[in-house]
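Here are my notes on the model you sent. They are numbered so that you can check each point against the structure.

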Amino acid sequence: MANGVGFVKSCFKDRADAIEELALRREGFRDLCDDFEIANNEEVRWQQSTAPERDERLAEYRELIDSMRTEIEQSLDRAAVVLFKPPRR
């Protein structure tokens with residue numbers, strides 16, 4: 001798996017198997033994982049910054065990370081739903 005998927009698995013340890021499975025099936029989910037890792041790395045970079053816009057950028061990245069965390073959780077929840085078809089007669 002890509003680095004982003006591994007990063008997401010480390011953040012959601014209790015759902016690591018589901019993350020792996022969904023990442024194998026959906027490119028969009030893999031992309032989301034990559035973006036989540038990038039955003040977290042940028043947050044760390046801004047935490048160490050002394051630039052005047054530091055606090056503003058940190059707030060932006062934290063909001064983005066929270067939004068992506070919710071999207072990851074929702075993607076996993078949707079993937080866990082198993083639809084049953086009625087038996088054919």
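1. Burial first. The protein chain has 89 residues, and buried residues make up 26% of them. Keep in mind that this is a predicted model.

2. Overall layout. The protein chain holds four helices and zero strands. Read along the sequence, the pattern is α-α-α-α. Take the contacts between residues at least 6 apart in sequence: 61% of them join residues at least 24 apart.

3. The nonpolar core. The largest nonpolar core has 15 residues. Which of them touch the most other members? They are V8, F12, I19, F29, F36, I72 and L76. Helices α1, α2 (16-25), α3 and α4 each give two or more residues to this core. The largest share, five residues, comes from α3. As a general point, nonpolar side chains in soluble globular proteins tend to be buried together.

4. How α1 meets α3. Helix α1 spans residues 3-11 and helix α3 spans residues 27-47. The two pack at an angle of about 75°, and their axes are 7 Å apart. Angles of 65 to 115 degrees count as roughly perpendicular, so α1 is roughly perpendicular to α3. On the α1 side, the contact uses N3, G4, V5, F7, V8 and C11. On the α3 side, the partners are R30, C33, D34, F36, E37 and N40. By class, this contact has six nonpolar, three polar and three charged residues.

5. N40. This residue lies in helix α3. Is N40 buried or exposed? Its relative accessibility is 13%, and buried means under 20%, so N40 counts as buried. A polar atom of the N40 side chain lies 2.8 Å from the backbone oxygen of F36. Not counting residues up to four places away in sequence, N40 touches F7 and I65.

6. S75. Here is another buried residue to check: S75, with a relative accessible area of 11%. Its place is in helix α4 (residues 54-80). What does S75 touch, not counting residues up to four places away in sequence? The answer is L22, F29 and L32.

7. W46. This tryptophan is found in helix α3. At 10% relative accessibility, W46 counts as buried. Leaving aside neighbours within four places in sequence, W46 is in contact with A51, E53, R54, R57, L58 and Y61. W46 and Y61 are 15 residues apart in sequence. In space, W46 and Y61 are 8.9 Å apart, C-alpha to C-alpha.

8. E60. This residue is found in helix α4. Its relative accessible area is 39%, so E60 is partly exposed. E60 and A39 are 21 residues apart in sequence. Their C-alpha atoms are 9.9 Å apart in space.

Key. Residues are numbered from 1 along each chain as its sequence is written. This is a predicted model: local features need pLDDT of at least 70, side-chain atom pairs count only at pLDDT 80 or more; totals for chains, interfaces and linings use all residues. Side-chain values use heavy atoms; hydrogens and water are left out. Axes are lines fitted to C-alpha atoms, for helices over the stretch in contact, and angles run from 0 to 180 degrees between N-to-C directions. Angles under 35 degrees count as roughly parallel, over 145 as roughly antiparallel, 65 to 115 as roughly perpendicular and the rest as oblique. Contact means heavy atoms within 4.5 Å. Ala, Val, Leu, Ile, Met, Phe, Trp, Tyr, Cys and Pro count as nonpolar, Asp, Glu, Lys and Arg as charged, and the others, Gly among them, as polar. Buried means under 20% relative accessible area, exposed over 50%, partly exposed in between (1.4 Å probe, protein chains only). A polar contact is a pair of N or O atoms within 3.5 Å; within protein, one must be able to donate a hydrogen and the other to accept it, and residues adjacent in sequence count only if both atoms are side-chain atoms. A nonpolar core is a set of buried Ala, Val, Leu, Ile, Met, Phe, Trp, Tyr and Cys residues joined through side-chain atoms within 4.5 Å.
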